[in-house]
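I opened the model to look up its helix packing, its sheets and a few backbone and side-chain details. The entries below follow the order in which I looked.

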Amino acid sequence: MRINRTRWVSAGIAAAAALSLAACSGAESKPQGLVSVEIWGWDAEVGKQMVDAFNASQDEVKATYVLQADNVATQTNFRNAFEARQQLPCLVQGFGPLTTAVVNGWAQDITDAVTPLKDVFSDGALASAKVNDRYYGTPTGSDGQFLIYNKATFDAAGVSVPTTWEEFVETGHTLRAKGIDVTNLAGEDPTTLINLSQMAGAEWFAIDGDQWVVNFLDEGTLKAANIIQQLINDDLVSNQTYQDRPALYAYFDSGKMASTPTQWWSLTGLKTNLTASAGDWVATAIPQFAGASKPVAPGRTQPSFVPVGCEHPDAVMAYVAWAASPEGIKAGRNKETGAVSFPTQISDPSPYVKDIIPDGLFVDNAQAGNVIVEAQARVVGKFELGPNYDAWFPEMQDQWGKAVAREITVEQALRAVQNFVIADLDAKGIAHKAS
């Protein structure tokens, strides 16, 4: 059975509620009954609600939402179902890097189903769904990062907002002289290193034929490492842990930390906990590397995928595209709280940005909204994490902690992680080469 995708291509999102399925015989006429697809996810708030609304919007696909307990349970249940080759879903919420799903033979190539719907999604969402230039995931929005800074702190220190990472370091020096940290680097969380590496064009994993190319020491990564090393060496940052949220928020609220990168989903928590500095914060574009060819925002995601064995990837993409339509986004609003998930997968999420900005946090909500939308337009989306992410990420956390504590350099930490990756791939019999 195939979906007639002509209308999707010509009408884009507006066509998402008007599916056109071909009959199982391949004829472009009236369908011969419903196509049934099962969707697995752990969204207890609106997952089933959205699927029910999709089913009510058309009569050609019947979707069923199977609620999973959480990310880990989804992975365990899927592995069991896949090994047994029975009761497989047709769409699984992403529970790990897409490359892992591809390498393990779980995700099928759905390029033919995605390509006619490309206009529905943002460039970052499309990039996130690709492995080796083929679509193995459904286009999924990455949450583009932006910077928020405490205007009262900046004004009192007499510093300008940095637009490059090089300026960010210089701003840090000025603030340090006044006893203020430019930002925070938690010792257990290496995502700042990943984010800056992504922005600098790093490529830790690439596919070359039938083998992986591993390079944690490329030019982009070392550029990112250099910025972070300066922040650490010159004592320009604090190391507040994310494991003690009250203490972390109290530090953010004290005025002793000038700025922090963040995403849209953190804003409600910040508003709730930043009481003393409420109304002092301003959103701005995340700093760029000097000489960058174009502005980018870091952002990665774990796309959902269509398992090998599902016979209806077109029907799955019909649901995915509908969920990105105005009707689908409206259906995702929480009926109790009124909250809506920011549709980061679409090209222009600006009509929805006001719903995610809490009153009282920013100096100017409208300006903050523009920054958030701009970050989504700039989001990179793509950053390969390799076939053994679950193994090497804990190692990176350990090495990052040592670097933040000044026991080793950031470059030494990266070299140690690369050595770990290579040894792990060798042990698992996965073909690779170091670049």
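For axes I used lines fitted to C-alpha atoms, for helices over the stretch in contact, with angles running from 0 to 180 degrees between N-to-C directions. Helices (H or I, at least four residues) and strands (E, at least two) are DSSP runs, numbered from the N terminus.

Ground rules. The model is predicted, and I kept to its limits: local features need pLDDT of at least 70, side-chain atom pairs count only at pLDDT 80 or more, and totals for chains, interfaces and linings use all residues. Residues are numbered from 1 along each chain as its sequence is written, and side-chain values use heavy atoms, with hydrogens and water left out.

Entry: helix pair. I looked up how helix 9 (residues 191-199) lies on helix 10 (residues 219-233): they pack at an angle of about 130°, their axes 8 Å apart. Helix 9 is therefore oblique to helix 10; angles under 35 degrees count as roughly parallel, over 145 as roughly antiparallel, 65 to 115 as roughly perpendicular and the rest as oblique. I noted the residues in contact (heavy atoms within 4.5 Å). Helix 9 contributes Thr 192, Leu 193, Leu 196 and Ser 197, and helix 10 contributes Thr 221, Ala 224, Ile 227 and Ile 228. Five of these residues are nonpolar, three are polar and none is charged.

Entry: I found an open sheet of three strands in the order 8-9-13, with mixed pairing; two strands pair if DSSP finds at least two bridges between them.

I then went through the pairs. Strand 8 (residues 205-208) runs antiparallel to strand 9 (residues 211-214), joined by four bridges. Ala 206 has Val 213 as its bridge partner, and Asp 208 has Gln 211. Two residues lie between the strands of this hairpin, where Gly 209 takes a positive phi near 65°. Strand 9 pairs with strand 13 (residues 432-434) in the parallel sense over three bridges, and Val 214 is partnered by Ala 434.

Entry: I listed a second open sheet of three strands, ordered 11-6-12 and paired antiparallel. Strand 11 (259-262) and strand 12 (281-284) each have a single partner strand, so one side of each is left without a neighbour in the sheet. The twist averages 25° from one strand to the next. Strand 6 (residues 146-150) pairs with strand 11 over four bridges, and Ile 148 stands opposite Thr 260. Helix 15 (residues 365-378) packs on this sheet, touching strand 6 and strand 12, at about 30° to the direction of strand 12.

Entry: Which phi values did I find at Asn 132 and Asp 133? Neither is a glycine, yet Asn 132 has a positive phi of about 55° and Asp 133 one of about 65°.

I counted 13 salt bridges, each a side-chain nitrogen of Lys or Arg within 4 Å of a carboxyl oxygen of Asp or Glu. One of them joins Asp 52 and Lys 48 at 2.8 Å, N to O. Both lie in helix 2 (residues 47-57), four residues apart, about one turn of the helix.

Notes
Nonpolar A, V, L, I, M, F, W, Y, C, P; charged D, E, K, R; others polar.
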